[in-house]
Amino acid sequence: MRGVAVRLGACMIALALPPQGAWAQQASGASLNEQQLLGMRLFNQSCRVCHTKPQMTSPLYGPELSQNSLGGQEAVMREVISNGTPRMPGFKYHFEPAQIEAIVAYLKTIPTPPAPASSAR
Ligand code: HEC
């Protein structure tokens, strides 16, 4: 009897997984172009530290980013990345404009995360 329940549980987990798997695949750069790949590398180096889940215990953590961050407006993304906000450092002296452009291009490839993640705050 118990065995059945366990197997049922495992089955439900498996059913819940595919969307996550698809997201991870996309985020790992399966089908990104050169510019987006560059953006992903820069993001992994300079942004991940504040913008991915495990850091959400830190007061400096940023929201999970996606193509819809800041209303999906690329100009606003460039502005925030360049100049920062009161809680986020700006990167205009750290990156060339083309690098910031690449990061924005990469952000535009990240699907909107599932709702619970963004309402965690
Ligand atoms: C020191 C931690 C830190 C780093 C490093 C950092 N951010 Fe942020 N970021 C934040 C915080 C905190 C916010 C929320 C800003 C606020 O509420 O004022 C934010 C907000 C943002 C937003 C706006 C999101 C929204 O929906 O409001 C974007 C876009 C963004 N960051 C992109 C980046 C990019 C791209 C990088 C790397 C080049 C980066 N961040 C590096 C902490 C960081």
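**Reading a predicted model with a ligand**

An oxygen atom of the ligand lies 2.8 Å from an N or O atom in the side chain of Thr-85.

Student: How many residues surround the ligand, and which are the closest?

Tutor: The ligand is surrounded by 20 residues, and the closest are Cys-47, Cys-50, His-51, Thr-85 and Met-88. By class, this shell has 14 nonpolar, 5 polar and 1 charged residues. Helices α4 (48-51) and α5 (74-83) each supply at least two residues of the shell.

Student: Why is α3 described as roughly perpendicular to α6?

Tutor: Angles of 65 to 115 degrees count as roughly perpendicular. The axes of α3 (residues 34-46) and α6 (residues 97-107) cross at roughly 95° and come within 7 Å, which makes α3 roughly perpendicular to α6. Among the residues making the contact are Leu-38, Leu-42 and Phe-43 of α3 and Ile-103, Tyr-106 and Leu-107 of α6. By class, the contact has 9 nonpolar, 4 polar and 1 charged residues.

Student: What is the mean pLDDT of the protein chain, and where is the pLDDT below 50?

Tutor: Where pLDDT is low, the predicted coordinates should not be read in detail. The mean for the protein chain is 78, and 64% of its residues reach 70 or more. Over residues 5-26 the pLDDT is below 50, and this stretch has 6 contacts beyond near neighbours in sequence.

Methods. Residues numbered from 1 in each chain as written. Predicted model: local features only at pLDDT ≥ 70, side-chain atom pairs only at ≥ 80, totals over all residues. Heavy atoms only, no water. pLDDT = per-residue confidence, 0-100. Contact = heavy atoms within 4.5 Å. Axes fitted to C-alpha atoms, helices over the stretch in contact; angles between N-to-C directions. Helix = DSSP H or I, 4+ residues; strand = E, 2+ residues; numbered from the N terminus. Parallel < 35°, antiparallel > 145°, perpendicular 65-115°, else oblique. Nonpolar A, V, L, I, M, F, W, Y, C, P; charged D, E, K, R; others polar. Near = heavy atom within 4 Å. Polar contact = N/O pair within 3.5 Å; in protein donor to acceptor, adjacent residues only side chain to side chain.
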